[in-house]
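The following paragraphs walk through the surroundings of the ligands in this structure. Please keep the sequence and the model in view while reading.

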Amino acid sequence: MSQSYNRGLIEDFGRWREFSAGMWAWIFHKFTGWVLVGYLFTHIAVLSTAIPAAGQEAAVLQAGDDIYTQTIVTLEELLLVRILEVGLLAVAVFHILNGTRLLLIDLGIGLESQDKSFYASLILTGAITVASVPTFIAGAF
Amino acid sequence: MSTQVPEQQEEPTEAAAETETQIPSKGDARRAEKRRRAAERRAQKQAEEAERAAADEDTIELKVFRYDPEVEGKQEPRFDTFHVPFTKGMTVLDALMYARDTYDSSLTFRHSCRQAICGSDAMFVNGTQKLACKTQISELQEPIRVEPLPHAEVTKDLVIEMEHFYEQMHAVEPYFQTNELPDGELEEQRQSRENREKIKMSTRCIWCSACMSSCNIAAGDNEYLGPAAINKAYRFAMDEREGEDIKQKRLEIIEQEHGVWRCQTQFSCTEVCPKDIPLTEHIQELKREAVKNNLKFW
Amino acid sequence: MYEHDVIVVGAGGAGLRAAIAAQEAGADAAIVSKLHPVRSHTGAAEGGINAALREADSWEDHAYDTMKGSDYLGDAPAVEALCKGSPEEVITLEHWGMPFSREEDGRVSQRPFGGLSFPRTTYAGAETGHQMLHAMYEQVVKRGITVYDEWHVMDLAVTDEEDPEDRTCYGVVAYDIASGEISGFRANDGVILATGGMGQVYDHTTNAVANTGDGVAMAYRAGVPMEDMEFIQFHPTTLPSTGVLISEGVRGEGGILYNAEGERFMFEHGYANNAGELASRDVVSRAELTEVNEGRGIEDEYVHLDMRHLGEERILDRLENILHLAEDFEGADGLTEPMPVKPGQHYGMGGVETNEHGETCISGLYAVGECACASVHGANRLGGNALPELIVFGKLAGRHAAGDDLGEAEIPTGKTGEYEMADYEFETELGESGGTSPAAADGGAVVTDPETVLSAAVQRAEARVEELMDRRGRNHAEIRSAVQETMTQHVNVFREESGLKQALEDIQRAREAYKDVAVADPSRTYNTDLIHTMETRNLLDIAEALTMGALARKEFRGAHWRKENQVRDDEEWLKHTMVSWNDGEPELWYKPVILEGENKTYEPKVRSY
Amino acid sequence: MAERYSSFQQGGTMWLLQRITAAFLIVVLAFHFFLLHFVHHADEVSFLMSSGRMETWTYYSLMILFLLTATFHGVNGVYNALINQGLSGTKRTVIKWTLILASIILIVQGFRTANAWAGIPLY
Ligand SMILES: Cc1cc2nc3c(=O)[nH]c(=O)nc-3n(C[C@H](O)[C@H](O)[C@H](O)COP(=O)(O)OP(=O)(O)OC[C@H]3O[C@@H](n4cnc5c(N)ncnc54)[C@H](O)[C@@H]3O)c2cc1C
Ligand code: HEM
Ligand code: SF4
Ligand code: F3S
Ligand code: FES
């Protein structure tokens, strides 16, 4: 909202310190949602290399030398990509868990413990992410 | 002690400059003079009080947002510090009134009932929307920071422009409508206990606008009806006495572009509501009600 | 300038009802209020609305109870209008959707209340006033009635004939709090005052900060007498630090009052051996104060109201609201400790003199609600009788102002009926000895042209504001608190001659001080300093008239207790106290009480329960 | 469209679809992640393996549904978020069509990819 003078950060996200659980959940959900769409687009872009690959010789495909397989393999060799993948997992897991929380809230379930369920989503996300790190990193070195 | 001190020193010169350049009316000159004296007196009084306060354990420190669009030195928002002697059971409103009546009579805020029913004194206290009269000082961390409600135009000091909030409240046809009045003159239109119980909480709203101020969505989308107005719609939509066709109309109102679908279940409205109205729950129930209703037509 | 047919000043229950009625009768009605309607103090009412709704009940019984409760100082035509009108009005509210509490069969619930012979107090939880205020405001929104909110009405625009009874009111002058604009509001058909109570005359009150009796003082300065001002109801259980009301329900459920020594003083000190804590409000208030005065108060100020023995379950079930109030406003946990309580000002029985249609002696000027005195409460108001007063008389006044014919009124107003001048000699000088006040009657040629009357009033108001803003002087807050303190000390539950005289002196001193009151805040934007300064002036007028009446009335009737005169004296005092503002000087006179009702005469009986 | 004949409002439909797709995505996304990171590690992915999976029509249709719902859910989510921040007027129309266009491209591209694997000549 426009102000005739500057009230400092009162009006915007400068108040983040005073945000409550529900607001954080909203922020995180938004953030993770955006990351996921962003990923969806890039993901399809990368996978599209399968289109030219489909035209290549059967032998090349057999050997895994096709452009699609090569792209994936190259990417997977990068440590950065592995780390990003862990991040993606975290993002997806949070979005799923909090999304489930939101779905329940939409059904009118657990409104009183909405803050607890948010914290639970956070903790669970952390736990799942950490637990899956080995799987993700495997073979990267 | 207070951020206003340097400005006060400037004020006399400013007033003098004014006299030279434009020819002010006698009243203006007197007012300027008076302002200067008032400022001096206030500074002195505050200094004395602060000294006394420093010596006294049982004093609380209040940092209050100040702004006045037409008073020099207040056009730039600032925080003033007041020291108020603590008494048992003291509320933020009591402290503000004390500060006003003792130190600075221009300290401005709305208040009336002092008992959490008139809804005039919702403020931003230590970072949350609170009713000043219902907030015990003893539960707060010092210094206590008091600001006008966020996401609203400030009129002066702690007073905000309420017009927008009232408009949103009025936008949901906030009045009882029914086609089913009984025939007899003195016959009441019956309502079941369960139904009254269902709408009970929603009828407690005191129009303080704390919820609206706390909602990020309302801040982003100025036309969003907001939790209070939707709750008002709920109060009528769920009232069995209104009848089916009117309920249809009510659902259409809350389903509009800036209606219930805007709510992102942030819950902050529910958390700040001084009347403990389960706002999010009501909004969610209306969403489901709307969906159910729509599916019927499909 | 703004122009409407009917201008209603105040947007509490009374004002809203009046505006709706005027509009329904075909007038273009507008409301001017210093608070937004939903902020009005009607919202604070908890208990309920008395109405004879059931077959087993009758309006006649309600009228009888009310007359008895009033200690026979109510005027029967008004009391009967109240009791007859209440059921219809309550049902109207119900049809407007007001969420009353319900019985199993879906009808509205009623509960017993002090002084009533039938449980006829219709309620909506412990928030009846809130629900009523909002239901009515919703109707105002629905009907599109214009509301000028946060406009402080400063004065009335009244012609200046010699006798108040010949004057006419053409509108009001109001100050826009947000912008500082002063404007006239022309009323073609009538002005209805509905400005509510005057609790701020005391420093400890259940009333809102905005309850400064503005309407009473404005009408007074325009020539309308104040009636029965000395009758003030004190509620025995209010929280000491704020005056927030702790409902009678606590004692009703079995709450007990203790003094500092842990004695159940209502019994142990013999204040009420039968009813104990449940004795009437005035009795309990006096008992509490006696304890404190005799050194058995806690912190020399209050007593304890204990409900712990009721058990958590019962408390949570029936008195949950009280737990919140004690916690939020006193920091006391009613479940684990006794709650501090002391008597506090609660209701002013007196006010602007009107007849049973809400008309004052000035033509075109009406008053309804707590600011008016029709008189239905006489010397003591029954709980649950104020809210029906708002809707019944609000509607009548609204209709009358809009031109509906309500027949001839039976209560005479002003000095038109029988009356007698007081022969009491006040030792203190009263009123505005300097005579600086621009009251309506300021001599000179009689002006009757509405436009001129209004613009003259606007000019006076502008000059007044300029003066207050420009000069230097003292702050109103000290003056206000000086008045509040002396009133609380001397014109409280206990009244004795010397104290009352002292109060009059203090008030006079405050008046002197007020002559050089000044507003420190130089801003025209939302200047509450200015508003409060103007209100303080009204408090002075009211405190003075109140104390004058109390000093002169040498008897003990209803809420008015006199140390020197411990009995009700029907021979001498079965009459209304009237105080008129006569060119800057208050004048005390009396008019008889009307005890003849429609079908019967209410013979004074001993008031015992 | 249906809303011409009923009070069914755009907002409500979209809201409901967002929830329904979310519910569907919980299952599919979890499955997808599990399959491609835990059962088969990402670095073992090759064209032929993908191809092998895609040739089963159930898997193929599941993935197409996955694509459609995720696109709808994601893009509608973004659009909603923007509206919540007060997006309106022409800007809003422009963004709306941009998003729709992007979704179409995404879906077309996804279809082609899937077809490439499945050996359906339509790519
Ligand atoms: C705590 C409490 C509990 C109560 N409980 C009960 C109960 O249970 N039952 C019962 O019957 N009664 C009860 N009463 C009494 C009853 O509530 C009041 O007498 C009644 O509500 C007064 O209504 P009103 O409309 O006259 O005034 P208010 O509601 O006080 O309204 C006054 C209006 O006038 C306006 N106003 C004032 N001055 C000016 C001005 N200068 N210019 C413009 N506008 C002005 C204000 O803005 C306000 O809108 C209770 C009172 C209190 C304090
Ligand atoms: C797997 C299960 C998923 C669940 C349970 C889920 C749940 C939800 C829910 C309920 C919302 C609506 C929030 C609201 O409107 O209040 C939402 C928003 C969103 N989702 Fe998902 N989602 C899931 C997967 C995805 C995927 C795969 C994507 C990416 C393509 C995605 C992107 C988004 C985006 C962008 C938003 C909008 C966020 C915002 O408000 O800014 N989601 N999700
Ligand atoms: S819903 Fe609660 S927070 Fe919102 S205006 Fe009403 S009382 Fe205030
Ligand atoms: S804070 Fe706002 S987003 Fe919804 S739950 Fe409350 S209205
Ligand atoms: S002063 Fe009325 S709600 Fe706080």
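With 7 residues, H1(A) gives the most to the shell around ligand 2 in this predicted model. Ligand 2 itself lies between chains A, B and D.

In total, 24 residues surround ligand 2. The closest are His29(A), Lys30(A) and His95(A), along with His73(D) and Ala81(D). By residue class, the shell around ligand 2 holds 13 nonpolar, 9 polar and 2 charged residues.

Some side chains around ligand 2 make polar contacts with the ligand. In chain A, an N or O atom in the side chain of His29(A) is 3.1 Å from a nitrogen atom of ligand 2. His95(A) also has a polar side-chain atom beside a nitrogen atom of ligand 2, at 2.8 Å. From chain D, a polar side-chain atom of Arg19(D) lies 3.1 Å from an oxygen atom of ligand 2.

Which residues are closest to ligand 3? They are Cys205(B), Cys208(B), Ser209(B), Cys211(B) and Cys273(B), out of 13 residues that surround ligand 3. The shell around ligand 3 is made up of 12 nonpolar residues and 1 polar residue, with no charged residues. The shell around ligand 2, in contrast, includes 2 charged residues.

Conventions:
Residues numbered from 1 in each chain as written. Chains lettered and ligands numbered in written order. Predicted model: local features only at pLDDT ≥ 70, side-chain atom pairs only at ≥ 80, totals over all residues. Heavy atoms only, no water. Near = heavy atom within 4 Å. Polar contact = N/O pair within 3.5 Å; in protein donor to acceptor, adjacent residues only side chain to side chain. Helix = DSSP H or I, 4+ residues; strand = E, 2+ residues; numbered from the N terminus. Nonpolar A, V, L, I, M, F, W, Y, C, P; charged D, E, K, R; others polar.
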